[in-house]
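Biologist: I'd like to learn how to read a model like this one, feature by feature. Could you walk me through it?

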Amino acid sequence: MVRTADTVLDNLAAAQIAAIKQATWDVLPKCQEFLRSLIQIDTTNPPGSNYPECAKLIGDTLCELGYAVQYVEVPSDQLGALAPMGQGLPRVNVIGRHSGTQAGTGKTLHVNGHFDVVPIGVSENWKYPPFGGEVHNGRMYGRGTADMKGGIAAQIFAVEALRKAGLKLRGNIEQSAVVDEETTGIHNAGMGFLVDNGYIRADKIDAIVITEPLNTTNVCCGHRGTIWGTITFRGRLSHGSMPGLGVNALHHACSFVQLATTTISPKLALLGDDNVIPPAARVPSLAFTVLKAGENINSIPDVAVVSFDRRLVPGETLAGARQQIFDVLESMKQTPGFEELNYEYKEDYHTEATWVDPNLPISRIFRDAIKVVTGQEAGIVSSPGSDDQRFPVHSLTPPIESTIVYGPGCISEAHIADESIDIEKELRVGMEVMALAFASFLGVESQQAAARL
Ligand SMILES: [Zn+2]
């Protein structure tokens, strides 16, 4: 068996490692300035503001750094289907490709981040301007600093650090920055669009790294599965003074919520995935989140709508989770008083749980790079929510199993007020881990930098 060179020390000399570390300090001011410019473009999603401007800033930067840049815009006639919350605003993704010295035979690594951000919430709850990119006590503040414009800045300047260190990559590196991660979608206008339209293919790409913020010392190999479902119960109107003449849809909905909660949730409590961070997300869950019924106080409601948020751990399947819901509904039908139970089931979003082998070469290299840079054993973790990893792993045929998540920034900073990232301890450290891992995975050409030191 051919041994895969999957440690940093297999691939890089000590002097090269030292040169890369120094180079991450050298490029840090530029990386920080780029991140500040990204933060200052408000890309709040929904609806997805200022995507063309943000894509252009990233594309221009990649172009300056020697990449061949391609913009991938979703055709306007597909916006309704792929970006239903997008109010018709343009969806522009950007890809930069950089050929290595062994372009034809070398490996290709694709690095990806999303540049849409979630809404800021109540602006008075922010101490610092949400689109300012101000730095205080070594942390940059603003929406997207952690989730995940910081990751995009780090992935681009990690490669720049390698160049500064005098190293040439043998393999090819591709950088993509995409839209609409935050609004999910079974298909979407961002990573989903790149996968569905052949921009990301298993025969062209050996591994993908998505730079979501899962902390600088963790390699994230998966995410939990999700179903966002809605059940519409249909009954029959009658006067509120004569409920026996109607069929009360609200009563059906509430009985269903009670029965599903008491029968399904105890089963879920027995399952768990210790890799999920934070620990509060380790157990799969079923939460009823929306109930709409009734229009006036003196009529029996003929329709009631219940929505739920189901999170799955690896080992569970979407089919199994759906069956649990259907079993409850069917058992109700057999129960006296519910003979006229009538429902429609629909899903707004679903994704299977994702988990890739932590011993894949790309994972082992990142784990080793974390050890070299931080001195700590890397955590192997799973993300509590879903992310764009699902597209190359589940939507693509054949899939790209070698898709992992590694990025600077702390997951606890994502989506909060005064979101921030530590410039040196997170942004720079993440950049150094990435630079070592990219160089180890793709190979480097020369020892010149080492010789120069
Ligand atoms: Zn994110």
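**Reading the model**

Modeller: Helices here are DSSP runs of H or I with at least four residues, strands are runs of E with at least two, and both are numbered from the N terminus. This is a predicted model, in which local features need pLDDT of at least 70 and side-chain atom pairs count only at pLDDT 80 or more, while totals for chains, interfaces and linings use all residues. Residues are numbered from 1 along each chain as its sequence is written.

Biologist: Is R367 buried or exposed?

Modeller: Burial is a neighbour count: a residue is buried if 20 or more other C-beta atoms lie within 10 Å of its own, exposed if 12 or fewer, and partly exposed in between, with C-beta atoms placed from the backbone. R367 is buried, because 24 other C-beta atoms lie within 10 Å.

Biologist: And what does R367 touch, leaving out residues up to four places away in sequence?

Modeller: Contact means that two C-beta atoms, placed from the backbone, lie within 7 Å. With those sequence neighbours left out, R367 touches V219 and A378. The C-alpha atoms of R367 and A378 are 5.2 Å apart, although the two residues are 11 apart along the chain.

Biologist: How many residues of α9 are buried?

Modeller: α9 is mostly covered, with 10 of its 14 residues buried. Among them are I362, I365, F366 and V373. The cover over the buried residues includes α1 (8-11), β7 (207-210), β8 (218-223), β17 and α11. For length, the expected span of a helix is 1.5 Å times one less than its number of residues. α9 reaches 20 Å from its first C-alpha to its last, close to the 20 Å expected. G375 follows α9 with a positive phi, near 80 degrees.

Biologist: What does the same length check say about α11?

Modeller: The 20 residues of α11 (423-442) should span 28 Å at 1.5 Å a residue, and the end C-alpha atoms are 27 Å apart, so the two agree. α11 is mostly covered too, with 17 of its 20 residues buried. G443 comes after α11, and its phi is positive, near 80 degrees.

Biologist: How do I read helix packing?

Modeller: Two packed helices are described by the angle between their axes and the distance between the axes. Here axes are lines fitted to C-alpha atoms, for helices over the stretch in contact, and angles run from 0 to 180 degrees between N-to-C directions. Take α5 (149-164) and α11: their axes come within 8 Å and cross at roughly 55 degrees.

Biologist: What about α2 and α11?

Modeller: α2 (14-39) packs on α11 at an angle of about 130 degrees, with the axes 9 Å apart. The two are therefore oblique to each other, and their crossing is right-handed. I17, W25 and L28 are among the α2 residues in this contact, with I423, L427 and M431 among those in α11.

Biologist: What is phi at N137 and at D418?

Modeller: N137, a residue other than glycine, has a positive phi near 50 degrees. N137 counts as exposed, because 7 C-beta neighbours lie inside 10 Å. D418, also not a glycine, has a positive phi near 55 degrees and counts as partly exposed, with 17 C-beta neighbours inside 10 Å.

How values were computed:
Parallel < 35°, antiparallel > 145°, perpendicular 65-115°, else oblique. Left-handed = near helix turned anticlockwise from the far one by under 90°.
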